[in-house]
Amino acid sequence: MKKFIYSTISCFLISIVMFSVSFAESDLLSKKTFPSTNIYSLHREENNDFLIDYLREFNNSAEKCYVYSSGKEVPANTKLKIEDMIKNKDYLSLKKYLNENRISIGYTKRIVKQNNPLRAIPSENGSYTKYFYEIASGKVGGKTTYITKEWTTVLTGRFTIDSKGNILYTSGATIHADTNFGAAFAPYMEDVYASASYRKPNTLICRGGYKLKSTIVIPIKDFGINIVMDFGSFYRSFEQNV
């Protein structure tokens, strides 16, 4: 009988705590802490530092790309529209356009390191890395509230070439999201994959993808509530003559 009473009381107390947490979460999400429907409400639109820093490298690169989150290239008229906004330094319009259309811009860097020339087959190890600027709005805890964040997707493919510049083999690929969302956020990747292959004589092919999510901690008196944001799936690839 006592066990039954203790069990009943425990269940009752747990129910009260869960209700309180749920109520606090709903209350916070309904107030100005997380204004609903405005996907830019928690993204400081006036702060363009991240994008400006990225564009310094992007504008100096001869190898650029403009792709949807699916990895498909955008049409020519869309590319021209993006280039005009970059040229005119209309950063707010650019971020909004990229976010609403799920578009990313990217540039490439190449690194080559010479192997030991005394080897039977003289060769060089190299890598190509594509840096994609990402902006997306993560849905907060299944609610109609969104938080917008920026980050960089980094896709790298490694290869070895002979003295004529032909690819001998590839040695793998990596992909990761380079994020800096702030102290309250803990971003993480799911369903991550990356691969490298080549097409003779010298075309490196890299593909990768992931889902990006993040937890955000909302303090409630002496404890915090972890809420999950989902930014969606991202597929990135490139083909590059080495």
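1. A pocket, on a 1 Å grid over the protein atoms alone, is an open set of points with protein on both sides within 12 Å along at least five of seven lines; lining residues have an atom within 4 Å of a point. The second largest pocket holds about 170 Å³ of space. Its lining consists of Lys-64, Cys-65, Val-67, Gly-71, Glu-73, Lys-130, Ser-237 and Phe-238. Strand β1 gives the largest share, 3 residues.

2. This is a predicted model: local features need pLDDT of at least 70, side-chain atom pairs count only at pLDDT 80 or more, and totals for chains, interfaces and linings use all residues. Residues are numbered from 1 along each chain as its sequence is written, and side-chain values use heavy atoms, with hydrogens and water left out.

3. The structure holds 6 salt bridges (a side-chain nitrogen of Lys or Arg within 4 Å of a carboxyl oxygen of Asp or Glu). In one, Arg-56 pairs with Asp-53, with the closest N and O atoms 2.3 Å apart. The two residues are separated by about one helical turn because they sit 3 residues apart in helix α2 (residues 49–60).

4. Asp-191 bridges to Lys-211, at 3.3 Å between the closest N and O atoms. This pair links distant parts of the chain, strand β6 (residues 185–199) and strand β7 (residues 203–220), 20 residues apart. Asp-191 is exposed, at 54% relative accessible area (buried is under 20%, exposed over 50%, partly exposed in between; 1.4 Å probe, protein chains only).

5. Glu-239 and Arg-199 also meet in a salt bridge, 2.9 Å from N to O. Glu-239 is in strand β8 and Arg-199 in strand β6, so the pair ties together parts 40 residues apart in sequence.

Terms used
On a 1 Å grid over the protein atoms alone, a cavity is a set of points where a 1.4 Å probe fits but cannot get out, and a pocket is an open set with protein on both sides within 12 Å along at least five of seven lines; lining residues have an atom within 4 Å of a point. Grid points are joined across faces, edges and corners, and a volume is the space filled by probe spheres set on the points. Helices (H or I, at least four residues) and strands (E, at least two) are DSSP runs, numbered from the N terminus.
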